[in-house]
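Please look over the sequence and the model shown here before reading the notes that follow.

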Amino acid sequence: MQVERKQCQSSDELIKFFKSLKDDPAQVVQVFSARSELVNKKLIAAFNRYLPLSTLMGASAEEVISENKVRLSSLSAVAMRFEKSSFKLLRTESKSIENARLIMEEIEKDTKAIIIFSDDQYNNGDLLVKELNKCSFKPVIAGGQAASGAENDSGYVFDKTGIIKKGSLALILNGSQLKANWNYSMGWDSISREMEITRAENQVVYELDGRNIFQVYSEFLGEDIKSKLPSAAVTKFPLVFNRGFKNARSAIEAVDDGIRFSGELKVGDRVKISYGSLNKILANSMRLQKKLDFHPEISLIYSCSGRSQYLKSLDSNLGEEIKVVPSPKAGFSTNGEYGIIDSSYEYLNITTTVLYLSEKKEVVHKKIEFDTEKPDLKIEHLFHLSKKVVSELEMINDKMRKANQATGNHKVEETAASLFKMIFENQNYTGGIVLKEAENLTKIYLDDSLGVEAYNTFKAFWQQRPQKISSRNNILGFKNAFLIPLTEEVEALLIILSDEIDLYDIKKNHLFIEQIPNYLKKAILYESLERNLASLSTLEQTSDFLYSTLDLDLLYERILDIIVGTMGMSAAVIFKRDENQLKMVKNINVKENSELYFYLKGHYKEIAASDQILIENEVDLFEDIQTSIAIPINLNDYQGILYAMQSKYQQLINENQKKFIRTLANQIRVSIRNALNHNKVKRLSVTDGLTNLYNHSYFHNQLQEKAGEKYSVAIMDIDNFKDFNDHYGHQAGDQVLRKLSEVLKSEIREDDIVARYGGEEFVVYFNLVDQNTLSRVINRLMQKIRNLEVEFENQKLKVTVSIGVAVNQEGKYSAEKLIKQADTALYIAKGAGRDMVKFYRNLE
């Protein structure tokens, strides 16, 4: 295959390129144009004049791609002269389904790839691939919908015969020696819970979980997002859904009280709001080379224009992402991309796709390495989202604390009534709970405002046995009725009647609703097992005790105290898998390296894999142990196990106590999950992603709280930091920052605080003002830095720093003034031009 490329600004330059090409019936020229229809007609006429034997396949574009350059208002062309393959360009001027059928009729046994360009309004990408999927033989497909760009009203395609505004072009490539490989990259992360589309029409989504889509976006992204929709949804926050793989739909325009999206979204589809993580997009770009088992003679890139806009908004660009694609390469920014995933044709959005082609005969015996670059990663923050997640966790924890306090030792009817009234705060609703207490024994608990008619209606709902959350309209005079099946611990049906509560409210409170069966189960145990009244009372107290604890270390202590105190256990221990090691995080009467310790560690894998609570009486393995309990705690990336042992002089665990343990185990899992989520979000909001030190915001807040106290502040700057990046690359600079951060963390005292202040600057709070002591502390720290050697690609990099110090001797100066003085001291220190200069500035 002979490949020639050209990117240019003017039509005259491209026409000159046409003149330079050898005219050949085996040649296809793809033209990508971000210019006007008038310019493109001129190009078509010139092509027919200079290349009458060759084939033209073109598309209007927002941006054009040539190598790693992505440009607006530009033109790009790639000429492919095939030597061992045949092709056919199919021009269709019909709607999507008919176009797909015409394409399928032309597929041959040795068809290796089909490149499809279509208009962006008349043709529906979802319908096109849906019809193509009826074909039993599925060669690779690639391409996308044309984009209008700045100079056109709509996206269109063109060939030698002219402009096609309603139709498509399909280049069908055949040949036994032709190699074709396609791949894609997306990189968008979900930031909301899964929601159901409850109102949509003609690609316009009006409601998610029964709530207006603008309100939903505002809920997750802040009130100020309203004024930025739908443009913010286009570039940053599309809807992601999963149909066997993660796909997305970006917003196009606001339509009354809805948003039109770039592809088909239907009522009943389950979606999540997503966020374009720059780091994930760039890091994920390496998958564009995944499973590429030959050296391509051409790489054709078809990437979504919305993706390019988003990368620009973060001071990056599409050219940074496609560095990983082997050269030569060309393409354009589309309004949607075609591809094949797991033997299914798909219509994609906000993705980058690549079609690799080659006619070369090559045998590959090992993994191919390509001479390409990796993109640079950057630090990102999602402060509003972090705040939102923490807020929702705290809301759920507060409800659970209230539920524990309100339900306590009450009968099932009282418990159900209390829980029902807690679900939604400051909203009007009624309803009840249908509960199966035993075989063929069902009780219905109604809100006080309801009567016999509601009883019969709820009984009918129960007999329908709904398997998932469903809704009914106009029930008992209410606009909405929601049926929520509860199947864990107890079998129940929660029924909500309201004129104002919607499905969004239901899902927002799902974490609390999921706990209702635990409280109901506890109430059933209270009513039916009077002998266990003391245990149930303890369960109420301990659950409140656990749910109110978000510090993991303290939570572990409380869990062990509860399991030992409540069940009369003589020993207990919590093991946690940390990377590839199993560590004992807390214990009572279990000595490290003892026979019992190694026995429990040895059974970890077996119990963790079963994910079942193990309760054994009359254990015959250790002389002083009568019973044992093992509770696996598997929470996504968190794996742990709680063991508890009872001596021979205690009673055996009876069936009622086993039920109690299982309920307690669930509360332990929930409390650990809440603490993990809380700590994770809290840690993300106060730490710097690269160095794991505290960030500027956290340090500043800590200093503000120390008003009136005596302390010192030091600002430290890495000398000539730019040289590391210039000589060795940004990865070397990042390694220097990380290693220096490790030294700072290891050397500062327990009462001091160190943070990354920005770029190559660090700041340290010292809980002392005596200059002699401060001098010794800083000298010791500086000596450690002098001895620091950072290893990077067989190089040993030396690091020097300059430091400025300000001392708040009497504690009467503000944090801002102290930092300003320390910064002035740093400036003077750097100006002195000596290695590791120290300059102390006493504000008094």
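## Cysteines

Cys 8 counts as buried, because its relative accessibility of 3% falls under the 20% cut-off. Cys 304 is likewise a buried residue, with a relative accessible area of 3%. In this predicted model, the number of disulfides is zero, where a disulfide would require a pair of cysteine sulfur atoms within 2.5 Å.

## The chain as a whole

The chain has 844 residues, of which 55% count as buried, and its secondary structure comprises 24 helices and 44 strands. Its accessible surface amounts to about 37,900 Å², with 44% of that area belonging to carbon and sulfur atoms.

When contacts between residues at least 6 apart in sequence are considered, 74% of them join residues that are at least 24 apart.

## Asp 717 and its surroundings

Asp 717 is part of strand β38, which covers residues 711–718, and with a relative accessible area of 7% this aspartate is buried. The side chain of Asp 717 forms a polar contact with the side chain of Lys 830, at 2.9 Å.

Leaving out residues up to four places away in sequence, Asp 717 touches Glu 760 and Glu 761, the run of Thr 800, Val 801 and Ser 802, and also Leu 826 and Lys 830.

## Helix α22 at Gln 735

Gln 735 lies in helix α22, which runs over residues 730–747. Gln 735 is buried as well, since its relative accessible area is 17% and the limit for that class is under 20%. Apart from its neighbours within four places in sequence, Gln 735 is in contact with Val 790, Glu 791 and Phe 792.

## Helix α23: length and faces

Which residues of α23 are buried? They are Leu 774, Val 777, Ile 778, Leu 781, Met 782 and Ile 785. Viewed down the axis of α23, the buried residues fall within an arc of 130°, which means that they line one face of the helix. Asn 772 and Arg 776, by contrast, are exposed on the other side of α23.

Notes
Residues are numbered from 1 along each chain as its sequence is written. This is a predicted model: local features need pLDDT of at least 70, side-chain atom pairs count only at pLDDT 80 or more; totals for chains, interfaces and linings use all residues. Side-chain values use heavy atoms; hydrogens and water are left out. Buried means under 20% relative accessible area, exposed over 50%, partly exposed in between (1.4 Å probe, protein chains only). Helices (H or I, at least four residues) and strands (E, at least two) are DSSP runs, numbered from the N terminus. A polar contact is a pair of N or O atoms within 3.5 Å; within protein, one must be able to donate a hydrogen and the other to accept it, and residues adjacent in sequence count only if both atoms are side-chain atoms. Contact means heavy atoms within 4.5 Å. Accessible areas come from the Shrake-Rupley method with a 1.4 Å probe; for residues, only the protein chains shown count as cover. The arc is that of the directions from the helix axis to the C-beta atoms.
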